[in-house]
Amino acid sequence: MKMAAPISIHLEFGGGAELLFDGVKTHHVTLPSQSEPWDVKQLLEWIKANLLKERPELFIQGTTVRPGILVLINDADWELMGELDYKLQDQDNIVFISTLHGG
Amino acid sequence: MPVLCSRCEIKKAHLKRPKTGHSLCKECFFWVFEEEVHHSIVSAKLFNRGETVGIGASGGKDSTVLAHVMKVLNERYDYGLNLILLSVDEGITGYRDDSLETVKRNQEQYELPLKIVSYEELYGWTMDTIVKQVGLKNNCTFCGVFRRQALDRGAMMLEVDKICTGHNADDVAETVLMNFLRGDIARLRRCTAISTGSEGAIPRCKPLKYAYEKEIVLYAYFKKLDYFSTECIYSPNAYRGHARSFLKDLESIRPSSIIDVIHSGENLSVKEEVRMPIQGNCARCGYISSQKLCKACVLLEGLNRGLPKLGIGKHHKLQDKLLKSQPLTEEEEKKFKMISF
């Protein structure tokens with residue numbers, strides 16, 4: 001069976017979302033190789049298992065991000081990119097911005 | 001497959017607008033966002049040439065975007081306004097002192113004068129000292145009541161004609177829901193108005209009333225505006241939190257929900273027979289109030305008498321006693337002392 005190679009991506013958390021990740025805003029991570037290419041849905045599961053430090057319900061609801069958290073894929077609204085089904089590429093930049101914090 | 005901007009049809013789209021469903025590139029988004037705020041300002045005649053306008057600035061996303069857009073539009077359309085940043089220092093260590101640093105940077109970035117008024121100078125109490133006395137249960141009541149007046153008093157010191165605040169469409173929709181759920185008819189009627197109060201208090205307006213939070217955040221992000229985004233260390237504000245996540249859940253199914261709730265609020269008509277509180281002035285400080293003593297003065301009196309629960313809930317019967325600085329009975333005192341946290 002053909003395996004997809006591991007990929008390196010950049011993650012950024014902002015607007016207060018970084019508080020759920022020990023206050024760290026940028027993370028460079030490598031996703032291990034697997035038979036299918038990585039998509040955003042699997043990335044969220046990976047983040048929950050590997051990066052999320054506290055109160056996961058403030059970041060993930062069901063299988064998607066909590067409403068009110070914006071997602072940008074390579075600087076574009078994920079709603080233009082297929083949301084959970086977007087297939088990640090090596091060196092992609094994924095940004096999560098909370099809109100739920102005070103204004 | 002990159003989606004093209006539906007407006008210029010040349011550049012790659014960077015966001016999908018929740019309000020219209022249009023896909024836009026950054027430049028077209030900046031333009032339509034600013035033009036819509038301009039439209040809100042002009043169609044509701046929010047300002048007049050020559051006026052001094054205080055921008056309520058907390059260092060957060062909404063007020064940072066408001067300050068930026070007001071500056072841009074004042075120049076683009078020659079409103080002829082004199083803009084000032086107006087900030088309130090509630091005295092919350094590790095929260096407000098950090099966000100005020102952001103406001104101070106904004107002052108330089110936007111070349112606007114800045115005035116900071118503090119709870120300490122106005123009331124003799126900071127939120128830190130209030131929390132020490134009242135605990136974490138009703139502290140948000142104190143902070144909310146004091147902030148509203150603080151902004152007005154700061155504005156008076158500066159002889160500002162109008163105050164504008166960064167309240168956005170999501171905030172207004174939340175407030176409509178909360179007032180509805182609490183049966184607060186007087187506030188429900190007032191809360192959707194884009195501008196309020198010409199009698200007594202300094203008129204206030206919300207130029208971002210129709211701007212979605214998502215667009216405000218993306219505007220700030222794409223423009224790389226400098227804003228502060230940490231939750232207040234004292235604020236759980238659970239009730240608003242529930243209203244907020246409920247609205248966000250609705251928005252994720254139907255993005256127009258936010259504007260729909262605002263429209264519902266705007267179009268409610270209240271039966272003639274419903275009694276509305278009559279607005280007068282506080283006998284002690286002169287601020288607008290529907291009681292003899294305004295809420296801030298009652299809260300302050302409670303703090304100074306060591307009876308912090310005095311202003312929590314409704315205690316109209318005590319108004320006369322408080323006004324004459326008379327002592328309370330032992331039984332009354334017992335009720336307003338802090339027993340449990």
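**Exercises: how chain A meets chain B**

Eight residue pairs are in polar contact across the interface of chain B and chain A, both residues being at pLDDT 80 or more; a polar contact pairs N or O atoms within 3.5 Å, within protein one able to donate a hydrogen and the other to accept it, and residues adjacent in sequence count only through side-chain atoms on both sides. The model is predicted: local features need pLDDT of at least 70, side-chain atom pairs need 80 or more, and totals for chains, interfaces and linings use all residues. Residues count from 1 along each chain as written, chains are lettered from A in written order, and side-chain values use heavy atoms, without hydrogens and water.

**Exercise 1.** Find which elements build the side of chain B that touches chain A.

*Solution.*
- Step 1. List the elements with at least two residues there: β1 (15-16), α2 (61-76), α9 (213-222) and α10 of chain B. Helices (H or I, at least four residues) and strands (E, at least two) are DSSP runs, numbered from the N terminus.
- Step 2. Pick the largest share: α9(B), with six residues.
- Step 3. Sort by class: eight nonpolar, nine polar and 11 charged residues. Asp, Glu, Lys and Arg are charged; Ala, Val, Leu, Ile, Met, Phe, Trp, Tyr, Cys and Pro are nonpolar; the others, Gly among them, are polar.

**Exercise 2.** State how much area chain B and chain A bury between them.

*Solution.*
- Step 1. Take the total: about 2100 Å², 55% of it on carbon and sulfur atoms. Buried area is the accessible area (1.4 Å probe) lost on putting two parts together, summed over both.
- Step 2. Find the residues of chain B that lose the most: Lys214(B), Tyr221(B) and Ser229(B), together 25% of what that side buries.

**Exercise 3.** Locate salt bridges across the interface and within chain B.

*Solution.*
- Step 1. Count those across the interface: three. The rule asks for a side-chain nitrogen of Lys or Arg within 4 Å of a carboxyl oxygen of Asp or Glu.
- Step 2. Look at Asp77(A) and Lys214(B), a salt bridge with closest N and O atoms 2.7 Å apart.
- Step 3. Turn to Glu27(B) and Lys11(B), where that distance is 3.6 Å. Glu27(B) lies in helix α1 (residues 26-43) and Lys11(B) in the segment before β1 of chain B, so the pair ties together parts 16 residues apart in sequence.
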